[in-house]
There are 2 protein chains.
Amino acid sequence: MNELNAQLAQINDLLCVINVLNWDARTQMPPGGTETRGSQLATVSAIAQERLTSLALRTALEEAEANLSTLNDRQARAVRQTREAVDLLSRIPEGLTRDLAETKNRAQAVWVRSKGDNDFAAFAPELERMVDLNRRLADAIGYEEHPYDALVRQYEPGMTAGTLRGLFAQLRAGLLPLLNEIRAAPEPRADFLTRDYPEDRQRAFALEMAQAFGYDLTRGRLDASAHPFEISFTRQDVRITTRYRHDFLPGALFGTLHETGHALYEQNVDPALTRTVLASDLLGLYAVGGASYGTHESQSRLWENRVGRSRAFWAHHFPRLQEVFPEQLADVTAEEFWRAVNRVRPSLIRVEADEVTYDLHIMLRVELEMALIEGSLSVRDLPEAWNAKVQEYLGVTPPDFASGVLQDIHWSAGLFGSFPTYTVGNVMASQFYAAARKGVPGLEEHLARGEYGLLREWLTEHVYRHGRTYSPTELLERATGEGLDPAPYLAYLRGKYAGLYHLTPQGETA
Amino acid sequence: MNELNAQLAQINDLLCVINVLNWDARTQMPPGGTETRGSQLATVSAIAQERLTSLALRTALEEAEANLSTLNDRQARAVRQTREAVDLLSRIPEGLTRDLAETKNRAQAVWVRSKGDNDFAAFAPELERMVDLNRRLADAIGYEEHPYDALVRQYEPGMTAGTLRGLFAQLRAGLLPLLNEIRAAPEPRADFLTRDYPEDRQRAFALEMAQAFGYDLTRGRLDASAHPFEISFTRQDVRITTRYRHDFLPGALFGTLHETGHALYEQNVDPALTRTVLASDLLGLYAVGGASYGTHESQSRLWENRVGRSRAFWAHHFPRLQEVFPEQLADVTAEEFWRAVNRVRPSLIRVEADEVTYDLHIMLRVELEMALIEGSLSVRDLPEAWNAKVQEYLGVTPPDFASGVLQDIHWSAGLFGSFPTYTVGNVMASQFYAAARKGVPGLEEHLARGEYGLLREWLTEHVYRHGRTYSPTELLERATGEGLDPAPYLAYLRGKYAGLYHLTPQGETA
């Protein structure tokens, strides 16, 4: 076991190094460095891959397996997870891995151009190749019912196409009527969100809130980047980024709170898991302490939406925000601010979507990528299918490819199977929150006073500290006593937006 | 040769990655990351070392050597340098490398405390161990005349204790009389250097000058750090740092110009050398395009001192500086500013030393470390020997260890043999400058107009583009037609300070 741990510690080091190189590339690197940074990343990734499939690792793993009965539960799980990853990786032909990497490089570049030129036809051949490679990847990984199961497993172990279809049906049944009622209600005012907000003060306020949630700056930092993200190099160094627009206040603010949720997860993983396989995603060659993409997203959503967009949060913090922006917010009340940052509007762009429409954006993508992978939809027919679904779910029609089928980077990056994790995260967030409310007496009174320690501690105890010890399903069941269940999420949305839009129980505006 | 090149390219990638990790640790990393970053660095360094001594590399090297006659000059040099490094590294026992690394870690921590506590006795056992390990290292590397030769070779190939003794004797003969004359002359005013200078405007002006010299920000960036440095991850990403004090203008400014000199070297290495052994210091496991530490220092000194502290530079740029700091510099002339930033004052601290006294600081250190390595001086007697030399060369006596024998990090880091490169750099800088003046008609008129392109291009042609193709001695001879010669340097200092302090040819103040 010692030898296995030593080897896995070095692999974790390499995954952390890959994260450092990527963080730097996205936040600090001058443009000239792009190509050579690519070589540096390729070299470190190849070495990590090499080590993971090396004879030395297999030998150490077999030795540990021979002594499995002498290991404690955590050690035994580490051994089993390593075995699963090593076996799975050994099933993926080297040529396929290389083809995927090369196609990803090329397809992303083509996607950027195609999006700029609003030219789907230029991107189609790359996407066809990527779909084909992902079908081959699914075959290599193996699955029981649907090839999509093999792909989604990379991001959300235990999740399947079948489960997702059932989940989506329940969500649609709740979300579409709610959305219709909201569309019939008068819109809250939101004019003040687009006034001029100097960047440095946006940053100061966002960071103040992140620290109030418990983000530890001795083990973290906030930077600016084109696309906000959180990334960790062990729990000791967990960085977040956001993006500022001087004429739109919510962007950087809620972006920071979202990434802070991710960061709280990483910063509160048990220190004993540092440099172990239980803080390494071996399949994704990614250093991460969270159990899965969905579990991780549950925490970003929980802190951003359940906490940061709550009425109680703004009742408490709005006076401070007014202090920071006295002129911009002189004519605004806390209640008005809360309503504005929760305004619901069916729109074309996923990343700008509100809580009610967000999952509809996800569903249509997942349904389309499932169809692409199973072969029931061709790339040629994708734009039409996209527009039909956007019309069906959101009642709008994209005027161009760039705000339609070409809007997301995911497919060009080969990330088939990752979209569901956003919705899984939303659903889990409400389950965790409900369990925390049950487990912590007076939780909401604490939150209303701006005290976030008890919530963070409950989440640390039941979620964060375990790192990747448990599968997402096990983790959810241990923390909440339930399997994945959209009911608490739908109840939360219904309750929140009924209050915010003054909806009647019958579905008419009051 | 292709196989060897491929392997060396990956090793260069790893060395660049080490540089990224170190840059981040020194400029961005939150304090919590220190320990795990250490693990990440150790893992990548071990892999680089492993690859460098691997059977695969030896085999590729032997194959390339078998075809040496078919290679062009540059390829042949790459092969020979790889052979030399591989052979040298194979002579250093693994245990010694590990002992050195462990002692360095511990000794640096003890040095920090000892310096803070002004307690040399606490540091002495660590230093004794470090001296002992470096003597063993010298034996392992091998030498003809003096064990110091083996150590200095790591930083300045071709340099020996014997050469240094001769060089120092010549320098002392020139510097000590000059210093005595200056001390007898009236001091220029410098009161205005310690006024209040806001950091952001210091940064803007320093960066403007760096760009005027030709520092390319599409392949570089300027950050703040406790100790200024330049570091590169190939020529495509060459970063510099400086340190700001709001109450002392010259620090950040000349620090930036100094690091800019280093950066110009790296940014102008031939692109064909990117990811090759001719941009890798295999012995030091360091990605660097410059031929040696001394050659590198010659460029930082040349741009900082020969250009940046020249009368012509300030005649041209002082009006702009006054624009940036109108209140602070209202009562100052360009001539006064030039004199102030060149003021000579024997002091205790090397890094604050002026051009006339700097090399005296270096000499005393080199003489002491040579004596430690050859065993003619014991660590116990070092403080006394230090004070005696400071008194002899600079006429001052340290009031404590912290501003005396404990002031530099080098010995605790095991860098015996690196001090001489500072003086070698100063000497070379004047030789390169003299050759450039000969080679570029009207060079000084261009410089006086703030046009730095011709100087940079001459240096690129004769120094920078060659990377590590030539040894420092070869490079110097190719560029200047001469071996290392302190005469141009002494003539420059004499001429500059005679003008600045109004000295007579007879050595009396006018």
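In chain A of this predicted model, A:R201, A:F205, A:E208, A:M209 and A:F213 in α9(A) meet A:F313, A:W314, A:H317, A:R320, A:L321 and A:V324 in α12(A). Contact means heavy atoms within 4.5 Å. Local features need pLDDT of at least 70, and side-chain atom pairs count only at pLDDT 80 or more, while totals for chains, interfaces and linings use all residues. Residues are numbered from 1 along each chain, and side-chain values use heavy atoms, without hydrogens and water.

- By class, the α9(A)–α12(A) contact has seven nonpolar, one polar and three charged residues.
- Helix α9 (residues 199-213) and helix α12 (residues 311-324), both of chain A, pack at an angle of about 150°, with axes 11 Å apart.
- Helices here are DSSP runs (H or I, at least four residues).
- Axes are lines fitted to C-alpha atoms over the stretch in contact, with angles from 0 to 180 degrees between N-to-C directions.

**Nonpolar cores**
- A nonpolar core is a set of buried Ala, Val, Leu, Ile, Met, Phe, Trp, Tyr and Cys residues joined through side-chain atoms within 4.5 Å.
- Buried means under 20% relative accessible area (1.4 Å probe, protein chains only).
- The largest core has 121 residues; A:L164, A:W303, A:W314 and A:F337 touch the most other members.
- Helix α14 (residues 355-374) of chain A gives the most to this core, with 12 residues.
- Apart from it lies another core, of 120 residues, including B:L137 and B:F419.

**Cysteines**
- The structure holds zero disulfides over all chains (cysteine sulfur pairs within 2.5 Å).
- A:C16 is buried, with a relative accessible area of 1%.
- B:C16 is also buried, at 1%.

Methods: Chains lettered and ligands numbered in written order. Buried < 20%, exposed > 50% of the residue type's maximum accessible area, 1.4 Å probe, protein only. Helix = DSSP H or I, 4+ residues; strand = E, 2+ residues; numbered from the N terminus. Nonpolar A, V, L, I, M, F, W, Y, C, P; charged D, E, K, R; others polar.
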